[in-house]
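Please view the model alongside the text.

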Amino acid sequence: MVEILVLYYSRRGATAEMANLIARGVEGTPGACAKVRTVPDVSAVCEATKDAIPEQGPPYVTLDDLKSCDGFALGSPTHFGNMAAPLKYFIDNTSALWFEGALSGKPAGVFTATSSMHGGHETTLLSMMLPLLHHGMIVVGLPSRETALLETTSGGTPYGPSHHSGDDNPISEDEKALCRVLGARLAGIALALKDRGIK
Ligand SMILES: Cc1cc2nc3c(=O)[nH]c(=O)nc-3n(C[C@H](O)[C@H](O)[C@H](O)COP(=O)(O)O)c2cc1C
């Protein structure tokens, strides 16, 4: 059995919906299960604290969730062409895992929701890959044999799934399909890599 951690931040729900579709793609792969987690907001008030368990949605991620997973999907809304601060804040606190090489050799993919069509889908996805590469993860995108990637008129990129959320656009069938493809690819690659000792 392999476990794929689907970690996201979402303010308005679009990235959360993508995370659940990716988890469905993982769960559709025999021998794979998904663990969905989120991160708390960050605050300008340094001493502010959140309840340990969010009022709704999945639990907050821990470093152990990252360490124990066999693969990883990281999702964020586009904030000024980049990933949102709460996710970056969490990642900036993963140095202990970096020192150990704990994530090295694990497959990882990225996804985003972006309100405008040309507002930063690809830049956000690429920026999210950088820390994963520093951790030695094997970055997985979407192959162009996927017809949804060729036919989409909204989100979806070779770098990972995206959703053009506009003014509350529903997620399109092509965008949904590409989320499930990422989940299934991560699961399949994690199964293929398991116990191969690749670091
Ligand atoms: C601080 C902030 C910055 C944003 N920057 C961008 C941007 O650069 N380009 C864009 O198209 N949308 C931008 N948006 C819109 C979000 O990317 C979009 O609404 C996204 O779907 C929200 O995802 P969520 O529902 O998971 O929170 C921004 C939103 C916020 C709050």
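A backbone N or O atom of Arg11 sits 2.7 Å from an oxygen atom of the ligand. It is a polar contact, that is, a pair of N or O atoms within 3.5 Å. The table lists this contact with two others.

| Residue | Atom of the residue | Ligand atom | Distance |
|---|---|---|---|
| Arg11 | backbone N or O | oxygen | 2.7 Å |
| Phe80 | backbone N or O | nitrogen | 2.8 Å |
| Ser116 | side-chain N or O | oxygen | 2.8 Å |

The model is predicted: local features need pLDDT of at least 70, side-chain atom pairs count only at pLDDT 80 or more, and totals for chains, interfaces and linings use all residues. Residues are numbered from 1 along each chain as its sequence is written, and side-chain values use heavy atoms, without hydrogens and water.

Now the helices. Helix α1 (residues 14-27) packs on helix α7 (residues 173-193) at about 45 degrees, with the axes 6 Å apart. That makes α1 oblique to α7. Oblique angles are those left after under 35 degrees (roughly parallel), over 145 (roughly antiparallel) and 65 to 115 (roughly perpendicular). The α1 and α7 crossing is right-handed.

In α1, the contact residues (heavy atoms within 4.5 Å) include Met18, Leu21 and Ile22. Their α7 partners include Lys176, Cys179 and Arg180. By class, the α1 contact with α7 has eight nonpolar, two polar and two charged residues.

Definitions and conventions:
Axes are lines fitted to C-alpha atoms, for helices over the stretch in contact, and angles run from 0 to 180 degrees between N-to-C directions. Helices (H or I, at least four residues) and strands (E, at least two) are DSSP runs, numbered from the N terminus. A crossing is left-handed if the near helix is turned anticlockwise from the far one by less than a right angle, and right-handed if clockwise. Ala, Val, Leu, Ile, Met, Phe, Trp, Tyr, Cys and Pro count as nonpolar, Asp, Glu, Lys and Arg as charged, and the others, Gly among them, as polar. A polar contact is a pair of N or O atoms within 3.5 Å; within protein, one must be able to donate a hydrogen and the other to accept it, and residues adjacent in sequence count only if both atoms are side-chain atoms.
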